[in-house]
Amino acid sequence: MDGAPETLAGVKDVDCAGKQALVTGSTNGIGRAAALALARLGADVIVHGRDASAGDAVVDELTAIGVDGTFLGADFADLEAVRGLADTVRAETDGLDILINNAGALIREGRVTDLGVEYTFHVNHLAPYLLTIELLDHLQPGARVVTVASAAHQGVSLELDRVTNVDRHTGVWAYSHSKLANVLFATELAWRLDHAGREVTANSLHPGAIPGSGFSRFLPGPIPRLVRALDSLPGVPTVADGAAELLFAAVSPRVADVSGRYFSGQRLATPSVAARDADAARRLWEYSADVLHIDEPLVESPNTRPVADDA
Ligand SMILES: NC(=O)c1ccc[n+]([C@@H]2O[C@H](COP(=O)([O-])OP(=O)(O)OC[C@H]3O[C@@H](n4cnc5c(N)ncnc54)[C@H](OP(=O)(O)O)[C@@H]3O)[C@@H](O)[C@H]2O)c1
């Protein structure tokens with residue numbers, strides 16, 4: 001299929017038959033397009049989101065392609081729902097080969113979840129952190145964990161004191177900060193997986209600025225309508241272009257051994273200085289475990305980490 005994500009990513013000949021993928025936030029947008037592309041490559045796909053009717057519609061499309069598709073609903077602002085999602089994935093699959101942490105939101109109002117954590121940080125970082133940790137033992141050798149960050153991570157640094165204090169909240173800052181957390185999380189996860197001897201890679205990426213996805217609904221006033229109008233202009237990245245970024249990281253043989261890196265434009269890219277701060281990555285990891293009241297996962301020896309981690 002010309003213009004399909006798997007073609008755009010140069011992976012249309014990759015055989016994913018027998019592989020099991022979970023794509024979070026695949027009821028809509030680039031996650032949905034990536035889920036369908038993985039299915040066309042032969043993978044069985046678990047669709048996730050909150051909108052059950054949209055999820056069921058994606059499952060119907062997966063079934064028509066000829067793979068097994070399942071919809072599992074979970075609100076990422078609800079930790080018990082995230083734990084329930086992981087429990088069901090563990091119960092209903094033999095193992096996961098591809099985990100794409102794609103679900104994301106931008107909450108403009110400064111409000112906190114039941115955990116007392118700012119909403120965007122909770123949905124965009126803490127939920128995928130918990131989900132990934134809960135599924136660690138379920139990841140098959142050779143599995144890839146892909147976390148969808150954004151170029152919006154640039155321009156902010158890690159400020160964990162603002163996670164539980166929304167006095168200075170702005171939606172754009174909270175979104176950028178959560179996307180910085182995505183990059184730091186992927187790097188730290190990769191480091192700890194490698195140190196633990198696990199044959200699992202972890203990377204993050206920027207999918208491009210995609211006006212045709214549903215993401216513009218988080219923006220105020222007439223902006224969603226204006227942004228969506230851009231989608232029809234020539235040269236503007238499409239949802240398929242965005243999904244191709246996910247496909248590239250998830251299945252391309254070219255990056256099978258790459259871990260702890262950030263992709264943009266289907267290339268290795270250099271994230272911001274703040275996103276390359278190994279100390280910040282470690283602090284975020286430990287903070288996340290602490291705020292979730294879980295034991296620190298993949299504990300590492302302090303003596304094993306290099307002093308500088310310049311990606
Ligand atoms: N579009 C862009 O220009 C752009 C640029 C850079 C990065 N990104 C990133 O790309 C990812 C996908 O975004 P998109 O553009 O495809 O947006 P989208 O069309 O709005 O899709 C977002 C997906 O996330 C799910 N989601 C949102 N809030 C959730 C919650 N509280 N609990 C569970 N699922 C939730 C939605 O499912 P339900 O509606 O069913 O809950 C939906 O499937 C996000 O991480 C975003 O930050 C997008």
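**Ligand and its pocket**

I began with Asn28, where a backbone N or O atom lies 3.5 Å from an oxygen atom of the ligand; I count a polar contact as a pair of N or O atoms within 3.5 Å. The model is predicted, with local features needing pLDDT of at least 70 and side-chain atom pairs pLDDT 80 or more, while totals for chains, interfaces and linings use all residues. Residues are numbered from 1 along each chain as its sequence is written, and side-chain values use heavy atoms, without hydrogens and water.

I then looked at two side chains. A polar atom of the Arg217 side chain is 2.6 Å from a ligand oxygen, and an N or O atom of the Thr27 side chain is 2.8 Å from one. The protein buries 95% of the 880 Å² that the ligand exposes when taken alone (Shrake-Rupley method, 1.4 Å probe).

I listed 32 residues around the ligand, with Arg50, Tyr175, Ile210, Ser213 and Arg217 the closest; near means a heavy atom within 4 Å.

I next checked the largest pocket, and the ligand sits in it (more than half of its atoms lie within 2 Å of the grid points). A pocket is an open set of points on a 1 Å grid over the protein atoms alone, where a 1.4 Å probe fits, with protein on both sides within 12 Å along at least five of seven lines; lining residues have an atom within 4 Å of a point. I noted about 1,100 Å³ of space in the largest pocket. Its lining has 50 residues, and Gly104, Ala105, Ser213, Phe215 and Phe218 are closest to the centre.

Notes:
A polar contact is a pair of N or O atoms within 3.5 Å; within protein, one must be able to donate a hydrogen and the other to accept it, and residues adjacent in sequence count only if both atoms are side-chain atoms. Grid points are joined across faces, edges and corners, and a volume is the space filled by probe spheres set on the points.
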